[in-house]
Amino acid sequence: MPVLPGAEPYRHEGGEVGVILCHGFTGSPQSLRPWAEHHAAHGLTVSLPLLPGHGTRWEDMQVTGWQDWYAEVDRELRLLSERCSRVFVAGLSMGGALALRLAARHGARVTGAVVVNPANKVHGLSAYALPVARHLVRTTKGIASDIAKEGAAELGYDRVPLHAAHSLRVFLRRLDGELPQVTQPLLLLRSAQDHVVPAVDSARVLSRVSSTDVTEIVLEQSYHVATLDEDADRIFEESLAFIGRLAPGVGKDGKEGTAAVG
């Protein structure tokens, strides 16, 4: 199936500091495209992949699972590591969870992590029924476009494939056990009002990671897809400042300084 217009992956060849951005469950790179372009404009090398099964039709996602989604971002991280001297990982929702697993598994290869409304658990009684329900019912209602900003919309599926939802649940449970392996500096931004991922997920992440350099920022004006919402500019600026603190010279005069190399 052809990729939906606007859901295409995005890559930018910049300097020696790179960042991989991971989109969310049933979403697409469109939700993170402004964030990616902001960092590209400041000289970073940026990779924003399209996860398998996403960006086309929900039927394509029904035959994918967390191993496919993680393998895609893992491959992109390895490619960035060959190209860049420092690499950061970032993501929204499930993408935040994928970024955290990259940090947990790749250690020193990842300089820092930025997560926005990271998912940690599939909530509700229905989650426990997924192992059986996915064989009886194909989909449930979608979760895309939880945005406060008038006129803004996320390009995502209007249905959630239950096989994929079950796989997400398995992945998040696995990741929870790996969070103590996350030792890198962490910037976590969460919305005060989120109708998809509750605040308890961010609290759980913060309580489980081993990072000592941790910053939490509450976004007061946005819902779940905060990267397209009222606080988007703050996310872009705070994450760029975070990267610049750990890779000095980034973001100065629209390009990297020499201190960011090596």
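**Cysteines and an annotated site in a predicted model**

The sulfur of Cys-22 is 15 Å from the closest cysteine sulfur, which belongs to Cys-84, and that is too far for a bond. The model discussed here is predicted.

User: How many disulfides does a search of the whole structure find?
Analyst: Happy to walk through it. A disulfide is a covalent bond between the sulfur atoms of two cysteines. Here a pair would need sulfur atoms within 2.5 Å, but Cys-84 has its nearest cysteine sulfur, that of Cys-22, 15 Å away. The search of the whole structure gives a count of zero.

User: Is Cys-22 buried or exposed, and what is its relative accessible area?
Analyst: Buried means under 20% relative accessible area. Cys-84 falls in that class at 8%. Cys-22 is buried too, and its relative accessible area is 0%.

User: Which residues does UniProt list for "binding site", and what is the largest C-alpha distance?
Analyst: The unreviewed UniProt entry lists Phe-25 and Met-94 under that name. They are spread over 70 residues of sequence, yet they cluster in space, with a largest C-alpha distance of 5.6 Å.

User: Where does Phe-25 lie?
Analyst: Phe-25 is buried, with a relative accessible area of 9%. Its contacts beyond four places in sequence include His-54, Trp-69 and Met-94. Its place in the chain is between strand S2 (17-22) and helix H1 (33-41), in the loop.

User: Which helix holds Met-94?
Analyst: Met-94 is buried at 1% relative accessible area. Among its contacts beyond four places in sequence are Gly-24, Phe-25 and Leu-168. The helix, residues 94-106, is H4.

Technical notes:
Residues numbered from 1 in each chain as written. Predicted model: local features only at pLDDT ≥ 70, side-chain atom pairs only at ≥ 80, totals over all residues. Heavy atoms only, no water. Buried < 20%, exposed > 50% of the residue type's maximum accessible area, 1.4 Å probe, protein only. UniProt positions renumbered as here; feature names shortened; annotations may be inferred. Helix = DSSP H or I, 4+ residues; strand = E, 2+ residues; numbered from the N terminus. Contact = heavy atoms within 4.5 Å.
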